[in-house]
Amino acid sequence: MVDKRLKRSAEASAYKKMEPEPVDNPKFPPVKDGASQYDLNSGKYLKVWQGPQHPGITGNMSLELVTTGDRIVECRTHVGYLHRGFEKLMERRKYIQCFPLVCRICVPEPDFNEYLFAAGAEELAGVEIPEKAVWLRTLTLEMARLTSFLMWIGGQIGAFGMGTIGQWTVTMRDYMLDRFEELTGGRIYHMYIIPGGVRADVPQGFFGRMEETLRKVERVMDDIELTMFHNAVFKKRAEGLGVIDPALVDVYGVTGPNARASGVRRDVRKDSPYLVYDQLDFSIVTDEKGDAYARAWVRYQEMRQSIDLIRQIMAKMPKGEKGGPFFEKLPNVLHWKIPAGQTYKRAECTRGEYGFFMVSDGSEYPRRVYVRGPSYSHAIALMEQIAVGANISDTAGLMVSLHTYPPEIER
Amino acid sequence: MQDMADVQNRENLQNRENLQNQENLQNQENLQDMKKLQDMKKTADKISALKNRFEISFPRLENRDDLLFVIAAEQHAVPFITWLRDMESYTHLVFFTAVDFIEDGLFQLTYMLHNYQLHHDIAVLVMISRDEPVMESIHHLWPHAATYQQELFEMYGIEFPGSPRLYEDFALEGWQDIPPMRREFDTRAYSEETYFPRPGRKTFDTVEYMKEQLYPGEAESW
């Protein structure tokens, strides 16, 4: 008689295959129970710390690498260099006081935090927002996506030794920040989307200047296509680097361009449309190879898509005073009690699915706000899996190609 | 002249066809949406049918069409989640976290699962005791769950026997105090004990400050 428990454990261990697979390299140590069996004292292996102070690391985190020759045998991610305890701080603050905190969770893309926190609070409180505010929110989110992608290109191509392209895109990002400043009053942290709507209407002549900026960005993007995607060095180093198998996508909770580059058609904007994404015309960008080059190419096309979406939004948005109000008057926000309940809101940011899980206990303070950042699974479990076998000089490029931001790992 | 009329007729016909096509497409989309909703309801019915097997109950929370809250008993939670993953294709673990209900002496563990075919979420809530918080690990279902569990142990002190790297430091280094995300941990007292105030720094009570600065008219009515 077969022991049922044994059988069940055999089924469960089917997922063990996802642990570091043995690499076809005679210098690599044997793998036992999913862990490499190496002896650092043998002199064959070397432990290298990449980060926290290292130019080739994204943000404040570090990678503990075990190498043989110039190949990575084992990778471990360490975080905790940026922990500011935002989730804890929010438990002791009123809903409106949380706003200066939530946008700081993710520096290059604060608007998603603002939108999701506001949308969660509105859903729990049962507040409907005016149509114009919905359009303005979509506009800011798309602008944030484009701005964040512009910064990512700098990191991606900089990691492969071509800093100039990064300088072009960061300049373009600055022009986008000008537009943000005009619309919201802030360059990095906007605090524009608040419960009940948005803080201000579109300034006069904003759409014209936005169009001008978009044209500038497009011109640079043509150059980027030539210098980055047709560049022999970039092609040679990025192709085949850090391949994400489609089978890994569900197992590791991979979302966003990382999943789409492996041919998995997933986009929150299409799958569960929020704001006005169901009224906009766009399609999901995918690729098949799943390597760093495919991921970069998917992101590049999504930048084009964002530009197109911004144009669509500007054309379709209800304008002027006829467009109606942009803010729904709320009760005094300093004494705003939100009925008890729980909710989860999600949106598609540049890195994947971004979400806020909010629990209210009926008081003026949120009981719990949990931030689901896509980097949480990309930078730790997935990175540790796909870094094995890579060349140590490609670690930085691999890390950036997953587009990770440590601040959303340690909220 | 007749040619012109012909062209116009043809254009009119084409326009009408286009309109019809658009209507058909919209109808198809509506039908698809209806089917999706029906499928979601079917899943909810299936879960209700398994009520006794997994000791499931439904909390008094407002459900959206695409989000369902389910309370599972502690000992049946992991089999229930496995069933959802393998049989109902809730294959994506969106997140795994805890909420501290100190007044009831309970932690609410929240497993958010997503179905990519239906685009439907199920939040599996598990209430465990705050005094001896131990829960079965789910790292064998999703490897990245180990990270969530590592964080939950550090921030709430919830143990997951068998979870890899559970006792390693995650975000905090050399933390000696009680797990900081528990409600009884007082952040203000901790920072006053640990750090010293810098001279020349002013602090304002936010409510008082806004009363004076921003809402002078409204403040009178408070």
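**View 1. The hairpin of β4(B) and β5(B) has four residues between its strands.** In the turn, B:His119 has a positive phi of about 55°. This is a predicted model, in which local features need pLDDT of at least 70 and side-chain atom pairs count only at pLDDT 80 or more, while totals for chains, interfaces and linings use all residues. Residues are numbered from 1 along each chain as its sequence is written, with chains lettered from A and ligands numbered from 1 in the order in which they are written. Helices and strands are DSSP runs numbered from the N terminus (H or I, at least four residues, for helices; E, at least two, for strands).

**View 2. Next along is the hairpin of β3(B) and β4(B).** Here too, four residues lie between the strands, and B:Gly105 in the turn has a positive phi of about 70°. How many of the 10 residues of β4(B) are buried? Nine are, so β4(B) is largely enclosed by the rest of the structure. Buried is used for a residue with 20 or more other C-beta atoms within 10 Å of its own, exposed for 12 or fewer, and partly exposed for anything in between, with C-beta atoms placed from the backbone.

**View 3. The open sheet of chain B has five strands.** Read across, the order is β1-β2-β5-β4-β3, with mixed pairing. β1 (56-57) and β3 of chain B are the edge strands, each with a single partner, so one side of each has no neighbour in the sheet. In a regular strand, side chains alternate between the two faces of the sheet. Helix α3 (residues 77-87) of chain B lies across β2, β4 and β5 of chain B, at about 170° to β5(B). Helix α4 (residues 145-156) of chain B lies across β3 and β4 of chain B, at about 10° to β3(B). For these angles, axes are lines fitted to C-alpha atoms (for helices, over the stretch in contact), and the values run from 0 to 180 degrees between N-to-C directions.

**View 4. Stepping back, chain B has seven helices and five strands.** From the N terminus, the elements go α-α-β-β-α-β-β-β-α-α-α-α. Of its 222 residues, 29% count as buried. Take the contacts in chain B between residues at least 6 apart in sequence: 50% of them join residues at least 24 apart. A contact here is a pair of residues whose C-beta atoms, placed from the backbone, lie within 7 Å.

**View 5. Chain B meets chain A through 35 of its residues, in contact with 33 of chain A.** Which elements of chain B give two or more residues to this side? They are β2 (67-72), β3 (92-101), β4 (106-115), β5 (120-129) and α6 (206-213). The largest share, six residues, comes from β3(B). By type, the chain B side divides into 19 nonpolar, 10 polar and six charged residues. Nonpolar covers Ala, Val, Leu, Ile, Met, Phe, Trp, Tyr, Cys and Pro; charged covers Asp, Glu, Lys and Arg; the others, Gly among them, are polar.

**View 6. Over in chain A, helix α7 (residues 206-229) packs with helix α12 (residues 292-316).** Their axes come within 11 Å and cross at roughly 165°. That makes the two roughly antiparallel (over 145 degrees; under 35 is roughly parallel, 65 to 115 roughly perpendicular and the rest oblique). The contact includes A:Phe207 and A:Met210 of α7(A), along with A:Trp297 and A:Tyr300 of α12(A). Its residues split into 12 nonpolar, no polar and three charged.

**View 7. Helix α6 (residues 163-184) of chain A also packs with α7(A).** The angle is about 165°, with the axes 10 Å apart; α6(A) and α7(A) are therefore roughly antiparallel. Among the residues that meet are A:Trp168 and A:Met172 in α6(A), and A:Met210 and A:Val217 in α7(A). This contact divides into 12 nonpolar, three polar and five charged residues.

Key: Contact = placed C-beta atoms within 7 Å. Pairing = 2+ DSSP bridges.
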